[in-house]
Amino acid sequence: MKRFEENAGGVAKSSPLVGRSAEPTIFELSSPGRSASSFRTTGITPINPEENLPKGLLRDEPLELPEVSERDLVGHYTRLASRQYSVDLGAYPLGSCTMKYNPKFADYVASMSGLSDVHPYSPAALTQGWLELIADAEEYLCEVTGMAAATFQPAAGAAGELTGLLIIGAYQRQVGSKARKIIIPDSAHGTNPASVTLGGFEVVTVPSDSRGLVDTAELAKVLDSDIAGMMMTNPNTLGLFEIEIAEIAAMVHEVGGLMYYDGANLNAVLGVSRPGDMGFDIVHSNLHKTFATPHGGGGPGSGPVAVTERLAPFLPGPRPRRVTGTDGCDTLEWFVPECSIGRVHSNHGNTVVVARALAYMLYNGSDGMRRVSDIAVLNANWLRKAISSSYEVPFGNLCMHEFVASAASIRKKTGAKALDIAKSLLGEGFHAPTVYFPLVVEEALMLEPTETESPQTLQALADALLKIASIAENEGSAPLQMQPTSTPVRRLDEAGAARHPILSYRPESS
């Protein structure tokens, strides 16, 4: 049997299974007749597919699944896990993604049997604890954001964006407006324009000014009665606080539009300022970024949407509410808001993520969450200053929780690109930052050190970035273009993988 191994150039090549350091696939460990588990007897008569299932539903050939022992199965996936980089191993400075270490007590809370063993369709009378948890989480989240009510149904930030846009559409229809345009800054997250389109609106882009902030003069030019709302992140994607946010919100409100807050960067202002006080009407928060849930690898995520009092009737339902019974005791029940846009997720969202978030908020308290933001901002500014001798930071001298450096001058002098620097950082033992985003910065390197990294880790990260820049300066781009050389997998042909993906495994005969 043969397998594929990617070499440094990203070209697949066949090689014998035996004697190779690279990990074989689980199929290559397969041997007919092996099993990872077995039961002596269940007392249940086995089903004969030919007798009990319609012939039209039967496969012509047996399903091609690996047959391996439990030892080989556990060993295979343990070896794969040991090759993966994670937030538990080191710094993960992906700008705008907030990939930070999460305290394990939050995982412990979410795995408690009283929470994890409850069926999502259990009636309210049997799930008062869960309803209490969700209601408390809503109360705290509204306090943090300055909103009046929230839904936890959206399963991610992008889902929260779409939910917010559907609420904007429902509100505009109720007030008799036919406005169909949403304004977004040119530095906005890539999901923003996609969500606008999915929500049935048209995108209107406003440019940044020389400070990296929304150009209010250009904003004024596009404001008219056809503007349904504006989506913003504050701090914005350049890691800068929009100091004219109150003025911007007033301008949008004046033409009948609503303000939507993309909460991807909420961890920069926890306990410091609230989106509701800035003038926003709708806020989505990323619990999987800000409030202690592992982020990445497909989830689980949660992007709850909080709104002002006038928009609460439009929230997805059902939502929990407190009611007083005839005996004078308070209980909780599910209800659907009167103008609800309908469900955006089955059941009540990814509720174990909500449990983690509530545990995190209770553990930190208001003063602790303020400290989260203070240290995130301090760490980002320390790292920005530490690498400023080799990397340009185009906008301003101060940042919030993240900043965008530029490798444009390094490329002009040496030929080394932002991608080469990012790949070289992998070889230094750190995860790469976000690259080539936002698009308003040439050769962008977007770095977010987060509040959970120690001064020693930040120093090591800065030293690695400075070392890479020095190599480019003294030896040119060639050494960096070969990086990484010390990782389990070398640099891949990413364009080829995207254009010609191999989506299923097919064994080859030797």
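A salt bridge is a side-chain nitrogen of Lys or Arg within 4 Å of a carboxyl oxygen of Asp or Glu. The model shown here is predicted. By that rule it holds 21 salt bridges. Side chains of opposite charge can pair when their charged atoms come close.

Start with Glu132 and Arg322. They form a salt bridge, with their closest N and O atoms 3.2 Å apart. Glu132 lies in helix H5 (residues 128–145) and Arg322 in strand S10 (residues 319–324), so the bridge ties together parts that are 190 residues apart in sequence. Glu132 is partly exposed, at 31% relative accessibility. Arg322 is partly exposed too, with a relative accessible area of 45%.

Now look at a pair within one helix. Lys221 and Glu218 meet in a salt bridge of 3.0 Å, N to O. Both sit in helix H8 (residues 216–222), three residues apart, which means that about one helical turn separates them. Lys221 counts as exposed, at 63% relative accessibility. Glu218 is partly exposed, with a relative accessible area of 27%.

Arg491 is buried, because its relative accessible area of 15% falls under the 20% limit. Asp420 is buried as well, with a relative accessible area of 2%. Elsewhere, salt bridges that share partners join Glu132, Asp136 and Arg322 into one network.

The bridge partner of Arg322 in S11 is Leu332.

Next comes a buried polar residue. Asn267 is found in the loop between strand S7 (258–263) and helix H10 (275–278). Its relative accessible area is 0%, so Asn267 is buried. What does the side chain of Asn267 make a polar contact with? The partner is the side chain of Glu448, at 3.3 Å. Beyond its neighbours within four places in sequence, Asn267 is in contact with several residues, including Thr98, Thr290, Val372, His401 and Glu448.

In soluble globular proteins, nonpolar side chains tend to be buried together. The largest nonpolar core here has 51 residues. Among those with the most contacts inside it are Ile183, Leu219, Met259 and Phe280. Several elements each supply at least two residues of this core, among them helix H3 (104–110), H5, S7 and helix H12 (351–386). H12 gives the largest share, ten residues. The core draws at least three residues from each of domain 1 (105–363) and domain 2 (371–495).

Not counting residues up to four places away in sequence, Met259 touches Met230, Met232, Ile245, Ile248 and Phe280, among others. A second, separate core has 26 residues. It includes Ala380, Tyr391, Cys399 and Leu480.

Technical notes: Residues are numbered from 1 along each chain as its sequence is written. This is a predicted model: local features need pLDDT of at least 70, side-chain atom pairs count only at pLDDT 80 or more; totals for chains, interfaces and linings use all residues. Side-chain values use heavy atoms; hydrogens and water are left out. Helices (H or I, at least four residues) and strands (E, at least two) are DSSP runs, numbered from the N terminus. Buried means under 20% relative accessible area, exposed over 50%, partly exposed in between (1.4 Å probe, protein chains only). Two strands pair if DSSP finds at least two bridges between them. A polar contact is a pair of N or O atoms within 3.5 Å; within protein, one must be able to donate a hydrogen and the other to accept it, and residues adjacent in sequence count only if both atoms are side-chain atoms. Contact means heavy atoms within 4.5 Å. A nonpolar core is a set of buried Ala, Val, Leu, Ile, Met, Phe, Trp, Tyr and Cys residues joined through side-chain atoms within 4.5 Å. Domain bounds come from an automatic or database domain assignment.
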